[in-house]
Amino acid sequence: MPQSTSGTAETSEPGNASNARMIRIFDTTLRDGEQSPGASMNLVEKLEVAQALADLGVDIIEAGFPIASPGDFEAVKQIAQTVRGTTICGLARCNDKDIDAAWEAVKYAPQARIHVFLATSAIHREFKLRMTTDEIVERAIAGVRRAANYCDDVEFSPEDACRTEHDFLCRVVEAAIDAGATTINVPDTVGYITAKEIFNVFSMLRERVPNIDKAVLSTHCHDDLGMAVSNSLAAVEAGAGQIECTINGIGERAGNAALEEVVMALKTRRDFYHCDTRIDTRRLVPVSRLVSKMTGIQVQRNKAIVGRNAFAHESGIHQDGMLKERSTYEIMSPDDVGVAKTDLVLGKHSGRAALADRAKTLGYTLSSEQLQTVFDQFKRLADKKKDIYDGDIVALIQQQISGSVEQEWALVDYEVTSGTARTPRVRVTLKQGDREFTEEVEQGDGPIDAAFWAVEKMTGIELVCKDFRVRSATLGRDAIGEVNLEVEHKGKSYRGVGASTDSVESTILAMLNAINRIVAKDK
Ligand code: KIV
Ligand code: ZN
């Protein structure tokens with residue numbers, strides 16, 4: 001990635017006649033996004049998402065917060081060791097331990113970045129940090145210097161910058177750049193600022209900070225008032241050269257600016273913004289779908305760009321207009337964001353190559369073992385069901401990816417008897433390593449409740465069910481039923497996904513998926 005030394009933004013490559021600015025896309029789905037309640041991902045899931053982000057063309061992946069936990073550290077390290085073609089960044093508070101851990105995790109990446117943050121607003125100084133302005137400046141300088149000793153790509157964020165007094169913000173930013181920061185990120189940590197105000201903050205920094213042209217200015221907006229995307233774009237208008245965002249806009253509380261929205265706004269309104277990004281926009285929908293599956297956070301139907309209804313025209317007047325001329329009601333082409341042209345893809349006679357190709361189009365890169373397992377399941381499914389749709393394939397892949405870590409418990413088989421006037425009876429056989437266990441229970445208020453009792457008894461793991469959703473992966477009554485489960489165990493929340501054409505089996509698979517996550521976490 002070309003490094004800019006020329007002020008707040010890069011210009012695009014030579015040969016671009018329009019001289020549009022190239023805006024860096026800094027994706028923080030794996031860090032700020034993963035902070036969304038209930039969105040935590042395991043190692044395999046994070047690696048899958050990181051690879052998809054690299055294929056999408058993001059300039060920087062913020063892979064996590066290495067000091068936060070050994071699991072976070074390992075995820076950032078493995079992403080740095082394996083994902084190529086993009087900068088891998090680790091977050092650190094402004095102290096030695098955090099910065100050292102961030103470097104230890106990202107140092108394997110050919111392009112590594114350390115992102116150091118320290119709050120600067122009066123509220124944070126007084127109530128959270130209990131530090132004076134002088135102490136903040138001193139700490140920021142020390143932190144940035146330490147990071148700059150490790151690598152030449154250092155980002156500094158004055159947390160809650162948008163509520164920081166302008167004079168003090170200028171002072172901290174100038175000091176951080178002098179200490180070696182190459183990117184200055186200006187977060188709207190609490191999603192409070194308006195578009196006009198953020199435009200003024202960025203303009204003010206460019207005007208008043210004497211060394212501002214030695215760093216790229218970056219925007220990081222939260223969506224508490226639903227203004228994250230428009231605020232990010234206003235910052236770009238005022239000279240920001242980097243946007244921090246997440247797939248589907250997931251993130252702390254109401255989330256961050258949605259990557260797909262800022263990218264498509266810049267592309268569709270290039271006449272207005274005169275900016276480009278390196279994003280391959282045809283991968284936006286597949287990556288959105290992947291992140292939704294991995295985090296369990298569903299995308300609302302009417303979500304801009306990636307929602308199911310984003311390109312659906314319902315009213316007769318609109319449909320008539322569309323048939324006459326698409327541009328009457330469509331400002332973007334569905335092809336440009338990767339909405340699949342057809343949903344019906346494979347059948348009984350399709351081969352492994354066709355399945356691998358379809359998986360790639362849907363946003364998944366499968367290892368050869370994963371592909372083999374999904375292919376075997378696909379063949380079994382094709383025996384039960386004539387037409388296999390994208391949704392079926394996603395469900396099979398998702399189950400494979402979710403279940404691929406530390407599969408302590410696996411389902412061998414089950415039988416259930418239930419009816420309106422009887423207590424359900426369920427017999428479940430599970431496998432733990434080479435050993436098989438069978439449990440029969442006759443209790444509960446239905447077959448699913450009975451299955452919960454049986455699985456809990458066998459595994460010895462108690463679950464409190466917090467959310468239970470069944471969704472058909474595709475059309476038709478022979479569709480795969482996908483169960484998404486949220487359970488609580490010892491006060492912590494875990495997700496589980498299961499997919500089968502039989503909904504009781506999907507439920508047991510989802511329970512085992514959640515239980516395997518619990519066991520992995522305990523280990
Ligand atoms: O919102 C925020 O301030 C952050 C910082 C760590 C950049 O996420
Ligand atoms: Zn944030």
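Reader: Before we start, what should I keep in mind about the model?

Author: It is predicted, with pLDDT of at least 70 needed for local features and 80 or more for side-chain atom pairs, while totals for chains, interfaces and linings use all residues. Residues are numbered from 1 along each chain as its sequence is written, chains are lettered from A and ligands numbered from 1 in the order in which they are written, and side-chain values use heavy atoms, leaving out hydrogens and water.

Reader: Happy with that. At what angle do the axes of α2 and α3 cross?

Author: First the general idea: axes are lines fitted to C-alpha atoms, for helices over the stretch in contact, and angles between N-to-C directions run from 0 to 180 degrees. Helices (H or I, at least four residues) and strands (E, at least two) are DSSP runs numbered from the N terminus. Here, helix α2 (residues 70–82) and helix α3 (residues 96–106) cross at roughly 40 degrees, and their axes come within 7 Å.

Reader: How do I put a word to such an angle?

Author: Under 35 degrees counts as roughly parallel, over 145 as roughly antiparallel, 65 to 115 as roughly perpendicular, and the rest as oblique. The pair α2 and α3 is therefore oblique.

Reader: Which residues make the contact of α2 and α3?

Author: Contact means heavy atoms within 4.5 Å. From α2 come Phe73, Val76, Lys77 and Ala80, and from α3 come Ala101, Glu104, Ala105 and Val106.

Reader: Now the metal. Which residues coordinate the zinc ion (ligand 2)?

Author: Donors are N, O and S atoms within 2.8 Å of the metal (3.2 Å for Na, K and Ca), and because water is not among the atoms, sites may look incomplete. The zinc ion (ligand 2) is coordinated by Asp32 (OD), His220 (NE2) and His222 (NE2), at 2.0 to 2.1 Å. Asp32 sits in the loop between β3 (24–27) and α1, and His220 in strand β9 (residues 216–221), so this pair ties together parts 188 residues apart in sequence.

Reader: Is Asp32 buried or exposed?

Author: Buried means under 20% relative accessible area, exposed over 50%, and partly exposed in between (1.4 Å probe, protein chains only). Asp32 is buried at 3%, and His220 is buried at 4%.

Reader: Where is Glu155 found?

Author: Glu155 belongs to strand β7 (residues 154–159) and is buried at 0% relative accessibility. Leaving aside residues up to four places away in sequence, Glu155 touches several others, including Phe26, Arg113, His115 and Glu244.

Reader: Which phi value does Arg130 have?

Author: Arg130 is not a glycine, yet its phi is positive, about 50 degrees. Arg130 lies in the loop between α4 (122–129) and α5 (133–150) and is exposed at 66%. Ile305 also has a positive phi, about 70 degrees, without being a glycine, but Ile305 is buried at 8%.
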